[in-house]
Amino acid sequence: MESLNPIPSNSFGADVHLSTKDVHVWFGQRHVLEGVNLEFPVNSVTALIGPSGCGKSTFIRTLNRMHELIPNAKLAGEVLLKGQNIYAVGVDPIQVRINIGMVFQKPNPFPTMTIRGNVLSGLRLSGKHSRNEDELVENSLQAASLWNEVKDRLDSPAGSLSGGQQQRLCIARALALAPDVLLMDEPCSALDPGSTIRIEETIRSISKNMTVVIVTHNMQQAQRVSEQTAFFLAEDNNPGYVVEAGLTNDIFHNPKDKRTEDYVSGRFG
Amino acid sequence: MTTETLRLVTPETPWRVRSKSQLVYIFIASTLPAALTFLIADQMKLAGLIALTIVFLPLQLLAASLAALITVGKRGILDAILTVSVLFLMLTMGFLLGSVALSLVQKGFKALSFHAIYQNSFYVTSVTSLEYGGLGHALVGTLVIVGIAVIFAVPIGIAVGVFLTETQSRMRGSVRFLSQAMTGLPSIVSGLFVFAFLYLTGWVQRSAILGSVALFLLMLPTIIRLSEEVLKLVPQELRYAALALGAPRHKAFFQVIFPAARSGIITTCLLGTARVIGETAPLIVLVTYLPSTNFNPLSGDMASIPTYIYSWLKFSTDLANQRAWGGALALMILVGVLFTLARFFGRKRF
C-alpha cells in the first residue's frame, strides 16, 4: 500500500495538532486497518467517511488509546499529539484520554448520576478540581447547547432526558474537561434531524479552540461541519485503508480517486 | 376536519375481545375437568393428591387442548398445554410454600413471645412452661456467626467478581472454574474440612469462629458467581464512557460501575446470606450448643437458631417440640426481615 501523506500541514496555515504515522490495527490475527497516515491541524474539523466495517471507528479509538481496552487488540505505528507519540513507553493513557476527549455513537450518560453530576463526572473521575463548579456546569452545557433545556432540572437523573439531549449531555461531559482534541464516533447516528443540527452547531462553535475528529455516515453532515475529509475503504476482507484524504471541498467535488467519487456521489456504500 | 364533533372515546383492548361461543368453550374447558375429577374421586375414593395429578391434570390438559383447537386452531394447542402446566405447577408451589409457612406459624407462634426474643434457655428444661426462657441466645449466636461470615465473604466475593469481570487476567478461567467447583461443596464437607484443617491441627480452639469459617466457605462461591453475573449486566458503554473521561480503573469502578450494579450487588449479598443462615450441619460439627448467651466468637460454645432447633428436637415432650417450632418460625422471620431491609437499601434510586 502506498504511503499517503495527503494533507500538507500548512494547508490551513495552522500547525499539525494530531497526526498518525503508518498506523496498523489488528484484532487477534485479523488485520483490520493498514497504513493510515493522517494529519489533523490545530482547531480543524476532520470528517472520517466510508462504508460500514472499513475501520473508521477502530481508527478513531486508536487516537485516544481506547482501542487497547478491547481484548486481543494490537497496533503498529505512531499517533503523535503535538509531536509526542501517545503510545510511547511511559505515556500515561489516563493523561492521553483527558487531553483527547471522546463522544460515542450511542448516548451513554451515567444513569446513576444527575445531569449536573454527569457534567462534573469527568472532573471526579480524572481527579481534577474546578474552582467554580456551577460555572463549569453552565459553560459546558451552554457549549453543548443544552443549557436552556435543563437549567431548571440539573438535579434530575440523566436518564430522564431524550436521546438527543443525552447525547448533548455526553458532549458537555467531554467538554467540561476542556480537552485539546474531541473525537466523535457517529455522534448523530441515533438522533433526529433537530438534535443533529444542534450538535453540528456545537461542533462548529467548539472547533474555534478545539481540534475535532468526527466519524459520520452522513455525507451532508461531513460537508457541513468539516474542513477536511478522509475516505476509508475495506475491500473483501482486506484491511481498511485511507483511499483519499484532503480538503472536504476537494473530496466531495473534485475527488482524485474513482472510488471516492463513486462513494461520495452515492453509487456504492 | 370535524373538530366540532364531540365524541367520547373509551380506551379498549380489541385484541382481547372474545366471541360468545369462544367464551362458552373456555367456560366448559375450565369447569368440566374439575367437576369430573370431583365425581370420579368421590366414586373411587381417591386421595386428594392422586386425584389431582392422575385424574385432574390429564383431563384439564385434554379439555384445554380441545377448546384451543376449536377456538384458535392447531397453533393454540401447545399454548393451552403450556398454560395449564405452568398454572398447575405455580398453584402447587404456592400451596406447598403456603402450607409450610402456615404450619410454621401455627405450631411456632406459641413459643414465640416478646420475652422469648431476649431470654435464653439456661434454666429451661424440656418440661419448662413456655412462659419462661427463649431463644435470645440463639438469635445472638446466629447473628454473630453468620455476621462474621458475611463480613469476610462479601468483600472477598465481590472482589473476585470484579476480578472476573473487570480485568483481562489469564487467571480468570481457573478462578472461575474453582469457584464454580466450590458451589457444589456439601455443607457437611465444609464443616469437616474446617474441623480437620483448623481445629485438629490445633490452630484454632473450639469456638464459634470455626462455624463462621465454614459458612464463609459455603457462601463465598455464591457471592462470587452472582456478583460476576450482576457486574456483567453493566453495559460496556458505561465502562468506555468512564475510561474515555480519563478515569483510572478503580475510579471508573467505584463511581460508575458499582453504582450501576448496586441493587444487584445487594441482592447478591442477600442470597449469599440466605444460603447459609439456616445451615445446620457444619454448626453441629463445629460449634457446640450452649443454652446461655455468648457474645464472644473467639472462645467458648455458642448457640445458633439451627442448633437451637436441633437441641429441642432431641426431646420428645410437647413443650420441647413447640420450642423447636418457635425456633424455625424465628428463623423464617429473621430471613424475612433481612430480605425487607435489603430490598429497602437496594432499591433503585432513579
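The structure is a predicted model, in which local features need pLDDT of at least 70, side-chain atom pairs count only at pLDDT 80 or more, and totals for chains, interfaces and linings use all residues. Residues are numbered from 1 along each chain as its sequence is written, and chains are lettered from A and ligands numbered from 1 in the order in which they are written.

**Chain A as a whole**

Select chain A, which has ten helices and ten strands (DSSP runs numbered from the N terminus: helices are H or I with at least four residues, strands are E with at least two). Its radius of gyration, taken over C-alpha atoms, is 18 Å, close to the 18 Å that the globule rule gives for 269 residues, so chain A is as compact as a globular protein of that length. That rule is 2.2 Å times the number of residues to the power 0.38. The C-alpha trace of chain A spans about 55 × 40 × 35 Å along its principal axes. Of the 269 residues, 48% count as buried, that is, with 20 or more other C-beta atoms, placed from the backbone, within 10 Å of their own.

**The sheet in chain A**

Next, display the four strands that form an open antiparallel sheet in the order E2-E1-E4-E5 (chain A); strands pair if DSSP finds at least two bridges between them. Strand E2 (30–41) and strand E5 (84–85) of chain A are at the edges with a single partner strand each, so one side of each has no neighbour in the sheet. Strand E1 (residues 16–27) of chain A is joined to E2(A) by eight bridges. To see one of the positions involved, pick Val25(A), whose bridge partner in E2(A) is Leu33(A).

**Chain B: domains and a helix**

Move to chain B and colour domain 1 (15–105) and domain 2 (136–346), whose bounds come from an automatic or database domain assignment. Their centres, taken over C-alpha atoms, are separated by 41 Å.

Then select helix H3 (residues 75–108) of chain B, which has 34 residues. How many of these are buried? The count is three, and H3(B) is hardly covered. The buried residues are Ala80(B), Val84(B) and Gly108(B), and they pack against helix H2 (48–71) and helix H13 (318–346) of chain B.

**Where the chains meet**

Finally, show both chains: 20 residues of chain B are in contact with 24 residues of chain A (C-beta atoms, placed from the backbone, within 7 Å). Helix H9 (236–244) and helix H10 (249–277) of chain B are the elements that give two or more residues to this side of chain B. H9(B) gives the most, with seven residues.

Conventions. Two residues are in contact if their C-beta atoms, placed from the backbone, lie within 7 Å. A residue is buried if 20 or more other C-beta atoms lie within 10 Å of its own, exposed if 12 or fewer, and partly exposed in between; C-beta atoms are placed from the backbone. The expected span of a helix is 1.5 Å times one less than its number of residues.
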